[in-house]
Amino acid sequence: MKIIAAIIAATPLFYALSTPASANCYGTESSYRCSDSSGNNYRVNKSGGTTRMTGMNSSGEMWTKSSTSIGNATRTTGFDKDGNYWSSNTTVIGDATRTTGFDSDGNYFSTTCRNGKCTNY
């Protein structure tokens, strides 16, 4: 089965890709491989509330990301292209989303978003 996906790769925690790119993905809904127009490749495996990604950017550098969701909480961890660990915890309560964690340089961050407005702490 062929899956066509549009990805937005730059997130506050993870910079495997620096710009939005269109990706061509092949496989099943729970296990697929993708290549995007910027030369990045990655593999996605989903099981229950856990999603694992392993990828290689266009320079040949590897990265990983794993997310597990239970109820209204999601724990996301990974290693950037330089092998540095990062992690975040996201909790949704009502109309608010709070994310805390450590970036790949070891810096703590905390953000709360409500109705499209976010505050960093």
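Biologist: What makes C25 and C34 a disulfide?

Modeller: Their sulfur atoms are 2.0 Å apart, and the cut-off is within 2.5 Å, so the pair counts as a disulfide. Bear in mind that this is a predicted model.

Biologist: Which hand does the link of C25 and C34 have?

Modeller: Right-handed, with 110° about the S-S bond.

Biologist: And how do you know whether C25 and C34 are buried or exposed?

Modeller: C25 has a relative accessible area of 1% and C34 comes in at 2%. Buried means under 20%, so both cysteines get that label.

Biologist: How many disulfides does the structure hold?

Modeller: Two. The other one joins C113 to C118, again with S to S at 2.0 Å. Counting bonded cysteines along the chain, the pattern reads 1-2, 3-4.

Biologist: Why is the disulfide of C113 and C118 called right-handed?

Modeller: Because the torsion about its S-S bond is about 110°.

Biologist: What makes C113 partly exposed?

Modeller: Its relative accessible area is 23%. Buried would need under 20% and exposed over 50%, so C113 falls in between.

Biologist: Let's stay in that part of the chain. How do you know that β10 and β11 pair?

Modeller: Four bridges join β10 to β11, residues 117–120, and the two run antiparallel. Pairing takes at least two bridges, so the strands qualify. One spot to look at is T111, which stands opposite N120 in β11. The hairpin has two residues between the strands, and N115 takes a positive phi near 55° there.

Biologist: What about β9 and β10: what makes them a pair?

Modeller: Seven bridges, in the antiparallel sense. G101 stands opposite F109 in β10. In this hairpin there are five residues between the strands, and G106 has a positive phi near 85°.

Biologist: On to the rings. How many aromatic pairs turn up?

Modeller: A search of the whole structure finds three. Take Y42 and W63, with 6.4 Å centre to centre and 40° between the planes.

Biologist: Why is the pair of Y42 and W63 called tilted?

Modeller: The centres make the within 6.5 Å limit. Stacked needs planes under 30 degrees apart and edge-to-face over 60, so 40° leaves tilted. Y42 lies in strand β4 (residues 41–47) and W63 in strand β6, so the pair ties together parts 21 residues apart in sequence. Both residues are buried.

Biologist: And what makes F102 and Y108 edge-to-face?

Modeller: Their planes are 65° apart, with 5.5 Å centre to centre. F102, at 42% relative accessibility, counts as partly exposed, and so does Y108 with 49%.

Biologist: Now the charges. How many salt bridges are there?

Modeller: The whole-structure search finds three.

Biologist: How do you know that K81 and E61 form one?

Modeller: N to O is 3.9 Å, and the limit is within 4 Å, so the pair is a salt bridge. K81 sits in the loop between β7 (73–79) and β8 (85–93), and E61 in the loop between β5 (50–56) and β6 (62–70), so the contact ties together parts 20 residues apart in sequence. K81 is partly exposed at 41%, as is E61 at 27%.

Biologist: Why is D82 called exposed?

Modeller: D82 has a relative accessible area of 51%. Exposed means over 50%, so D82 passes. The side chain of D82 also meets K81 in a salt bridge, at 3.4 Å, N to O.

Biologist: And what makes R114 and D95 a salt bridge?

Modeller: The closest N and O atoms are 3.0 Å apart, and that is within 4 Å. R114 lies in strand β10 (residues 108–114) and D95 in the loop between β8 and β9 (96–102), so parts 19 residues apart in sequence are tied together. R114 is at 44% relative accessibility and D95 is at 44%, so each one counts as partly exposed.

Biologist: Which residues end up in one network?

Modeller: E61, K81 and D82, joined by salt bridges that share partners.

Methods: Residues are numbered from 1 along each chain as its sequence is written. This is a predicted model: local features need pLDDT of at least 70, side-chain atom pairs count only at pLDDT 80 or more; totals for chains, interfaces and linings use all residues. Side-chain values use heavy atoms; hydrogens and water are left out. Buried means under 20% relative accessible area, exposed over 50%, partly exposed in between (1.4 Å probe, protein chains only). Rings of Phe, Tyr and Trp (its six-membered ring) pair if their centres lie within 6.5 Å; planes under 30 degrees apart count as stacked, over 60 as edge-to-face and the rest as tilted.
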